[in-house]
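The sequence and the model come next, followed by notes grouped by topic.

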Amino acid sequence: MDNEDLIVLALAVVARDLSLAKKMAHFAHDGVLEEGEMQEKLKLPSAELRQLLYRMQDSNLVVQLGTKEDESGNRLTYWRINKDIAESFLIRRIKNVLDILRKRRKEESSGEYYVCAADPTHVRLSFDEVIAKMGESRGLVCPVCGALLEPVNKEKVLEDLDRMIEILERALGVLEGEAG
Ligand SMILES: [Zn+2]
C-alpha cells in the first residue's frame, strides 16, 4: 500500500465514508484543500464539512493552515492533509478494534447469550441476565419489540469473529511490516 492509499483509508475511517475520503484526497492540491472549494466539490453543507475537518484534525490527519481573503473579500480557509500520520493512525485504530474483538471472542466463547428472535440488534442478554429476568412479569421477551428471546448460535458468531480478527491481523502485519 502506498501513502496515498493509507491516507485515504485513514480519512475514510474518520468520515465513515470511503468515497468521500477519496474525493477529499483527489481534490486537494498537493495535499492542501480550501474549505469553500471542497464544500462545492463534495456537495456538503459547510457546517458538516467543518465538523468533519475538526474530527480529522483531532486525529492530526488534517491541520488547519489559516485563512486569507480573496480579491472579492471572500474568506478562504486552508487545510493540509497530513499523510505522514496515516500509517500510525491506522495501526492504532486496528489495534483498538482487535482488542475489542478478542475480548468479545473470549466473552462469547465462555458464556451463553440470548438475543431477540426477530432482530438480534434489539437486545443481547447473558445467561445470568436471562435468569434474573425470569422473575419479572414481562418475562423473556424483547424489550424493544416483544418477540421471544433465543440463544445465540455461538459457532456462527465465533466463526465471524475469527474471520474479522484474521483479516485485521493480516492488515496490521502489512502496516507494521512497512513501518519497521
Ligand atoms: Zn426485538
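Cys116 is buried, because its relative accessibility is 1% (buried means under 20% relative accessible area, exposed over 50%, partly exposed in between, with a 1.4 Å probe and protein chains only). Cys116 is also one of the residues that coordinate the zinc ion. The model is predicted, so local features need pLDDT of at least 70 and side-chain atom pairs count only at pLDDT 80 or more, while totals for chains, interfaces and linings use all residues. Residues are numbered from 1 along each chain as its sequence is written, and side-chain values use heavy atoms, with hydrogens and water left out.

**Zinc site**

- The zinc ion is held by Cys116 (SG), His122 (ND1), Cys142 (SG) and Cys145 (SG), at 2.1 to 2.3 Å (donors are N, O and S atoms within 2.8 Å of the metal, or 3.2 Å for Na, K and Ca; water is not among the atoms, so sites may look incomplete).
- The arrangement is tetrahedral because the four donor atoms subtend angles of 105 to 114° around the zinc ion (four donors count as tetrahedral if all angles lie between 85 and 135 degrees).
- Along the sequence, the donor residues follow the spacing C-x5-H-x19-C-x2-C.
- His122 has a relative accessible area of 28% and is therefore partly exposed.

**Helix H1 and its packing**

- Two packed helices are described by the angle between their axes and the distance between the axes.
- Helix H1 (residues 3–15) packs against helix H5 (residues 86–110) at an angle of about 50°, with the axes 8 Å apart (helices, H or I of at least four residues, and strands, E of at least two, are DSSP runs numbered from the N terminus; axes are lines fitted to C-alpha atoms, for helices over the stretch in contact, and angles run from 0 to 180 degrees between N-to-C directions).
- This angle makes H1 oblique to H5 (angles under 35 degrees count as roughly parallel, over 145 as roughly antiparallel, 65 to 115 as roughly perpendicular and the rest as oblique).
- H1 and H5 cross in a left-handed way (the near helix is turned anticlockwise from the far one by less than a right angle; clockwise is right-handed).
- Residues in this contact include Leu6, Ile7 and Ala10 of H1 and Ala86, Phe89 and Leu90 of H5 (contact means heavy atoms within 4.5 Å).
- The axes of H1 and helix H2 cross at roughly 130° and come within 8 Å.
- That makes H1 oblique to H2 as well, and the crossing of H1 and H2 is right-handed.
- Among the residues that make the contact of H1 and H2 are Glu4, Val8 and Leu11 of H1 and Leu18, Leu20 and Ala21 of H2.
- Ala10, in helix H1, is buried because its relative accessibility is 0%.
- Not counting residues up to four places away in sequence, Ala10 touches Leu61, Ala86, Phe89 and Leu90.

**Loop residues**

- Most residues other than glycine have a negative phi.
- Arg16 has a positive phi, near 55°, and is found in the loop between H1 and H2 (18–27).
- With a relative accessible area of 79%, Arg16 is exposed.
- Asn60 also has a positive phi, near 65°, and lies in the loop between helix H4 (46–58) and strand S2 (62–69).
- Asn60 counts as partly exposed because its relative accessibility is 43%.
- Asn82 sits in the loop between strand S3 (75–81) and H5 and is buried at 15% relative accessibility.
- Leaving aside neighbours within four places in sequence, Asn82 is in contact with Ile7, Asn60, Leu61, Val62 and Val63.

Notes
Four donors count as tetrahedral if all angles lie between 85 and 135 degrees; four count as square planar and six as octahedral if opposite donors are over 155 degrees apart and all others between 65 and 115; anything else is irregular.
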